[in-house]
Amino acid sequence: MAVAQSEDLARSEDCGLVGLDLLAGLAAPLWLARPDGTVVWLNEAARALLDMAPEAGAHAVRLLTPDETIQALAGALTAGRRIGRTLCFQRGRAASPLEVDARIARAPHSDPPLLLIEGTADRVARQEVLRLTEQLVALTYAFPDLRFELRLDGTILDFAASSPSDLNIPAERFLNGRVQDVLPEPAAGLVMAALDRLRAGETMAGADFTLPDPKSGPASGAEGDSAFELRLVALMDGERAVCSVRNVTARARAERAARQAHALLLDAIDSVTEGFVLYDTQDRLVVCNQRYRDLFIGDPDLAQPGTSFEAVLREGARRGLYRVPPEALEEWVQERLALHRTGGPPAEVQLRDSRWLRIEERRTSGGGTVGVRTDITDLKQRALELAAARDLAENANRRKSDYVHHLSHELRTPLTAVLGFAEILRDQLMGPPDNPRYREAAGQIVTAGDYMLELINNLLDLARIEAGRMELYEEACDLSLLVDATAAMMAERAARGGLTLEWDVPAELPRLFGDPSLIRQMLTNLIGNAVKFTPPGGRIAVGAALEGDGGLSLSVRDTGRGMTADKIPLALAAFCQAHDRMTVPEHGSGLGLPLTCGLMTLHGGRLSIDSAPGEGTCVRLHFPAARVGVDEAV
């Protein structure tokens, strides 16, 4: 529409299309106006300056000028002079007027005369600077920072503050002051130190500080302080700087609360008795407690945040942390990875130091993995102890069952003999009472009864020892006399078995303090065992000697069958038989050696056995030095 008007104007006023085309292409803003202020034409530069819509015509713009300005313009038209004025253009009804510095002259070849108005460049630049300055000021007040413009010596040139009360300083104190006199400590000292750094050549400096919050009061302490962030930037002239002070109290308190909550959470995790570990969605270690490091890792450098679970697992396997056979290690690693990634029932693993861990892992709702490690070494040990005790009880029960079977046989055999020979005597089955064979029958009854009595007495003695009710009647014993009496009593039995029984106890041996009847019983048991398990033609030797530690030992050595080392514990256990009943012609009750061990324990001594198959057996009774050479009770 403006172009059409210009063309009409050019034809009617004889100014030509070529002239307007040249004016339209100039960079300077140009207007053509009547003397009364009516704008009839403007170029694109003028449109841009006035910020006009593309479809708006020249009639949308009008000069707002006082009467004296109109008279001056009319004089310029008459005299043909160019004058400078500040003109005010109205851009429609809604927009605010715009002042433009301009040079005004009469447009050539215009009739009636028109004013040619040219906007000057410096005025346009000042308008743009003013616009940018207004925006900058608006932005400055829109942010919550306290802003200073300073000389590098601390002199305040300008300031803007949305809330100067944050520093508890009246706004008027910022006028014509020095920052070191206006700001409180430590802010003032920090600003001056930052200015020193700018004078030294740095372009930016900063610091953080706190001030007591006047709203919280002194009783609140550090928790109620206000936190500030100080930043300084050097300007291009090298003589000034911009300083901003931002109140970051809310952020600082939120960060402090987050740190406290994090520390509280870590403390709670560290207080858990089980090992705790958390991996993120990328399977990287996020956090673990000290118990996890102590129990599971063993090597603290493995438990570093950011380390992947597979790296921790494989490095632990490489260092031999787990007690897994090398050939099965890779398969075990894959099983552990599957458990970790998908979850499942708890797993148990043994470490290289023999500890056992229960491993439980669960997936979190966010896709991470939380794991718990529990030391179950004590549970495993108790389970092993219970299993061993169960096996021991089962073995003991089996031995007792075997012994009851054996004891019933041992008792039934002599009891049958007693009953049988008693019936012979009662019914006089061999004729009149004066038949000599009745005497033999009576002897068999006596022998069977003695064996049964010995068996029952041994059983009762062993029971008393196990119950702690066996009493010792101690005195100083002449060991030579005890051995002579015992060996002489057993000599006839040895002779019946075709054995040679010898004994040699030096008369100069010191006296032995103990229960003489029990010492004789122990010797009897040992010699009796030697007689039972030594084939005819063998030898049995009884001896005594002082030992290096001051103690004294009694020994019974035979040339019998002997036994292997693994049979010795069976021989010393109650209700057990070290020899096969099918290969040994004479059997005992299985209580002789266990009873002797118990009696030696009552005397504070011990029993030892040296034996080998085909080489015989030597059993020694070791009495402690405290019982040797003692004539009175100790």
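Biologist: Which residue forms a salt bridge with Arg240?
Modeller: This is a predicted model. The closest N and O atoms of the pair are 2.5 Å apart. That lies within the 4 Å cut-off. The partner of Arg240 is Glu149.

Biologist: How many residues apart are Arg240 and Glu149?
Modeller: Arg240 sits in strand S11 (residues 240–247). Glu149 belongs to strand S7 (residues 146–151). The pair links distant parts of the chain, 91 residues apart.

Biologist: Is Glu149 buried or exposed?
Modeller: Buried means under 20% relative accessible area. Glu149 has 17% relative accessibility, so Glu149 counts as buried.

Biologist: Arg251 forms a salt bridge with Glu229. Which parts does the pair tie together?
Modeller: The closest N and O atoms are 3.0 Å apart. The two residues are 22 residues apart in sequence.

Biologist: What is the salt-bridge partner of Glu361?
Modeller: Glu361 lies in strand S15 (residues 356–363), and its partner in strand S16 (residues 369–375). Both residues are buried. The closest N and O atoms are 3.0 Å apart, and the partner is Arg373.

Biologist: How many salt bridges are found in the whole structure?
Modeller: Some share partners: Asp208, Glu229, Arg231, Arg251 and Glu255 are joined into one network. A search of the whole structure gives 23 salt bridges.

Key. Residues are numbered from 1 along each chain as its sequence is written. This is a predicted model: local features need pLDDT of at least 70, side-chain atom pairs count only at pLDDT 80 or more; totals for chains, interfaces and linings use all residues. Side-chain values use heavy atoms; hydrogens and water are left out. A salt bridge is a side-chain nitrogen of Lys or Arg within 4 Å of a carboxyl oxygen of Asp or Glu. Helices (H or I, at least four residues) and strands (E, at least two) are DSSP runs, numbered from the N terminus. Buried means under 20% relative accessible area, exposed over 50%, partly exposed in between (1.4 Å probe, protein chains only).
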